[in-house]
Amino acid sequence: MADTPRIGIIMGSTSDWETMRHAADILTQLGVSHETKVVSAHRTPKRLYDYATSAAGRGLKVIIAGAGGAAHLPGMAASMTHLPVLGVPVESAALKGVDSLYSIVQMPGGVPVGTLAIGKAGAINAGLLAASILALGDTSLSERLQAWRAAQTDGVATDPV
């Protein structure tokens with residue numbers, strides 16, 4: 001994975017890594033180059049601006065943004081780039097991630113953010129969805145993604161015991 005990152009994974013704080021690492025793990029399994037950064041919409045707005053506005057020029061094709069609480073990171077990133085942004089609501093202590101989900105899913109028309117499930121499942125699916133987007137123009141990645149899904153299917157037991 002020494003080539004230019006194709007997917008950016010950003011999160012509002014280091015504590016979000018416990019959730020967002022699952023997106024990175026899936027991308028690693030699929031052989032998709034990616035980068036991970038802490039980019040807070042509230043505490044590091046210039047870092048967010050620099051990241052989002054330079055993303056396409058640096059070769060990124062999709063941004064996965066995980067955020068908890070007010071969860072402004074995905075929407076703010078989407079407002080500053082034409083790249084697809086996938087939002088992952090990170091589970092919060094106060095409202096178990098429902099607050100994050102509502103914040104991310106309520107983007108105004110014209111600033112789309114693809115919103116995934118709360119927590120680990122959302123991060124995994126964000127990685128898979130980002131890979132699927134890239135696979136539209138990458139036959140090798142498409143084959144790896146299909147093989148990953150086939151292995152998942154093969155791993156499901158037919159009998160409950």
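Analyst: What follows is a set of questions and answers on a predicted model.

User: Why is Ser-100 called buried?

Analyst: Ser-100 has a relative accessible area of 0%. Buried means under 20%, so Ser-100 is buried.

User: Where does Ser-100 lie, and what does Ser-100 touch?

Analyst: Ser-100 lies in helix 4, residues 98-105. Leaving aside residues up to four places away in sequence, Ser-100 touches Ala-67, Gly-68, Gly-69, Ala-71, Pro-89, Val-90 and Ser-92. A contact here means heavy atoms within 4.5 Å.

User: Ala-71 is among those contacts. What makes its phi worth a remark?

Analyst: Most residues other than glycine have a negative phi. Phi of Ala-71 is near 50 degrees, a positive value in a residue other than glycine. Ala-71 sits in the loop between strand 3 (62-67) and helix 3 (73-79).

User: Is Ala-71 buried or exposed, and how do you know?

Analyst: The relative accessibility of Ala-71 is 3%. The cut-off for buried is under 20%, so Ala-71 counts as buried.

User: Where is Lys-96, and what is its phi?

Analyst: Lys-96 is in the loop between strand 4 (85-89) and helix 4. Its phi is near 60 degrees, a positive value in a residue other than glycine.

User: Why is Lys-96 called exposed?

Analyst: Exposed means over 50%. Lys-96 has 53% relative accessibility and therefore counts as exposed.

User: How are helix 1 and helix 5 packed?

Analyst: Two packed helices are described by the angle between their axes and the distance between the axes. For helix 1 (residues 17-29) and helix 5 (residues 120-135), the angle is about 35 degrees and the axes are 7 Å apart. Their crossing is right-handed.

User: Which residues meet there, and of what classes?

Analyst: From helix 1 come Thr-19, Met-20, His-22, Ala-23, Ile-26 and Leu-27. They meet Lys-120, Ala-123, Ile-124, Gly-127, Leu-128 and Ala-131 in helix 5. By class, this contact has 8 nonpolar, 3 polar and 1 charged residues.

User: What is the volume of the largest pocket, and which residues are closest to its centre?

Analyst: The largest pocket has a volume of about 170 Å³. It is lined by 13 residues, of which Gly-12, His-42, Arg-43, Ala-67 and Gly-68 are the closest to its centre.

User: How does the lining of the largest pocket divide by class?

Analyst: The lining has 5 nonpolar, 6 polar and 2 charged residues. Gly counts as polar in this scheme.

Notes
Residues numbered from 1 in each chain as written. Predicted model: local features only at pLDDT ≥ 70, side-chain atom pairs only at ≥ 80, totals over all residues. Heavy atoms only, no water. Helix = DSSP H or I, 4+ residues; strand = E, 2+ residues; numbered from the N terminus. Buried < 20%, exposed > 50% of the residue type's maximum accessible area, 1.4 Å probe, protein only. 1 Å grid on protein atoms, 1.4 Å probe; cavity = no way out; pocket = protein on both sides within 12 Å on 5 of 7 lines; lining within 4 Å. Points joined across faces, edges and corners; volume = space filled by probe spheres on them. Axes fitted to C-alpha atoms, helices over the stretch in contact; angles between N-to-C directions. Left-handed = near helix turned anticlockwise from the far one by under 90°.
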